Amino acid sequence: MSRRPILAGNWKMFMLSGPAKELAAALAKSAGNLIDRDMVLIPPFTALSVVKAAIAGTNISLGAQNVHAEPQGAFTGEVSAPMLVDAGCRYVVIGHSERRQFFEETNGSCNAKIKAALAAGLIPIYCIGETLDQREYGQTFKVIETQLTEGLANFTSREIQDLVLAYEPVWAIGTGRTATPDQAQEVHAFIRAWLKSHLDVATAEALRIQYGGSVKPDNIDVLMACPDVDGALVGGASLKVESFIRIVQFQKR
Ligand code: PGA
C-alpha cells in the first residue's frame, strides 16, 4: 500500500508575521511544487493570513494548531472550525501533547474537536503518544490504545478516511531525543493494527500516520524508511528554511 507522505511544520507559539511571511515564501519557492508528497505549514493563528498569501498557488497547505468544538458562541479567546476554514486552513492539529499537558486537553475533548473539524471539512491531525514514565512502566500500548479508543469514538471509517494520526512520544518532543526507527515503527504498526480491528482494513491501510518528536534533517530518512511511518510532524526543525526543506525532501533509504 503506498500512502502519500505528509510533512507538516508546527511552528507552535513562534513567528511574528514578518518572519512568518519570509519563512513561508522561502519554503514556497524551494518546495512549493512537490507533487508526490503533501506539505503543511501550521503557524500561530495570527500569522495564518500572511502564510496563506505566501503559499497561494503552490502545493503547500495551511493548518492551525487548535480549534474549539463549537462552531460559534460566547467562548472568548477561542477559534472555531468554520473560522479556520474561512482563514484558509485545510488541516488542524488536535490533541498535541502540549495542549494535553498545559491546557487540560483530554481524549474526550479531542473527540469533540475532531467531530467539529470534520463537520467543517477540515482534516484533523490527531496527536497521540506516551510520556517517559508511561514508557518506562511498560504502558505505551495501553496509553495509545486509550487515546485511539476515546479520541476516535463514534466515528465511522468513512467519516475519518482522511484523518491523519501523529504519533509523538512526549519524551521526544523538543528534547533532541528521537525515537529510534524501531521504536517508531513498533508503535506505528500497533496503531495500524488497532485501526484494522476497529475500522475496515482498506481505511486502516490508507490512513497516514506521522511520526513527531525531534525530527531533524539527519534522522528523517531512516524514519521515513519505516513501513508504517507516512510522514512527520516537525516542531523546532520546521522554523528554519534549510532544515525543513531537507526534511520535506527526504529520501527513502
Ligand atoms: P519537535 O516538536 O520537532 O520540536 O520535537 C514536535 C512537535 O511538537 O510536534
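A residue counts as buried when its relative accessible area is under 20%. Keep that cut-off in mind as we walk through this predicted model, starting with one serine. Ser243 has a relative accessible area of 15%, so Ser243 is buried. You will find Ser243 in helix H11, which spans residues 241-248. Looking past its neighbours within four places in sequence, Ser243 is in contact with Pro217 and Ala237.

From here, let's turn to the ligand. It is surrounded by 13 residues, and the closest are Lys12, His96, Glu168, Gly174 and Ser214. That shell is made up of seven polar, four nonpolar and two charged residues. Several backbone atoms come up to the ligand's oxygen atoms. A polar backbone atom of Gly174 sits 2.6 Å from a ligand oxygen. For Ser214, a backbone N or O atom lies 2.8 Å from an oxygen atom of the ligand, and a backbone N or O atom of Gly235 is likewise 2.8 Å from a ligand oxygen. On its own the ligand has 290 Å² of accessible area, and the protein covers 96% of it.

The largest nonpolar core holds 65 residues, and the members touching the most others are Leu41, Val51, Tyr126, Leu152, Ile191, Leu195 and Tyr211. Helix H1, residues 17-31, gives the most to this core, with six residues. To see the packing up close, pick Leu195: setting aside residues up to four places away in sequence, Leu195 touches Leu152, Leu165, Ala204 and Leu207. Another core, of 12 residues, lies apart from the largest one, and its members include Ile6, Ile42, Tyr91 and Cys127.

Terms used:
Residues numbered from 1 in each chain as written. Predicted model: local features only at pLDDT ≥ 70, side-chain atom pairs only at ≥ 80, totals over all residues. Heavy atoms only, no water. Core = buried A, V, L, I, M, F, W, Y, C linked by side-chain atoms within 4.5 Å. Buried < 20%, exposed > 50% of the residue type's maximum accessible area, 1.4 Å probe, protein only. Helix = DSSP H or I, 4+ residues; strand = E, 2+ residues; numbered from the N terminus. Contact = heavy atoms within 4.5 Å. Near = heavy atom within 4 Å. Polar contact = N/O pair within 3.5 Å; in protein donor to acceptor, adjacent residues only side chain to side chain. Areas by Shrake-Rupley, 256 points an atom, 1.4 Å probe, with all protein chains shown as cover. Nonpolar A, V, L, I, M, F, W, Y, C, P; charged D, E, K, R; others polar.
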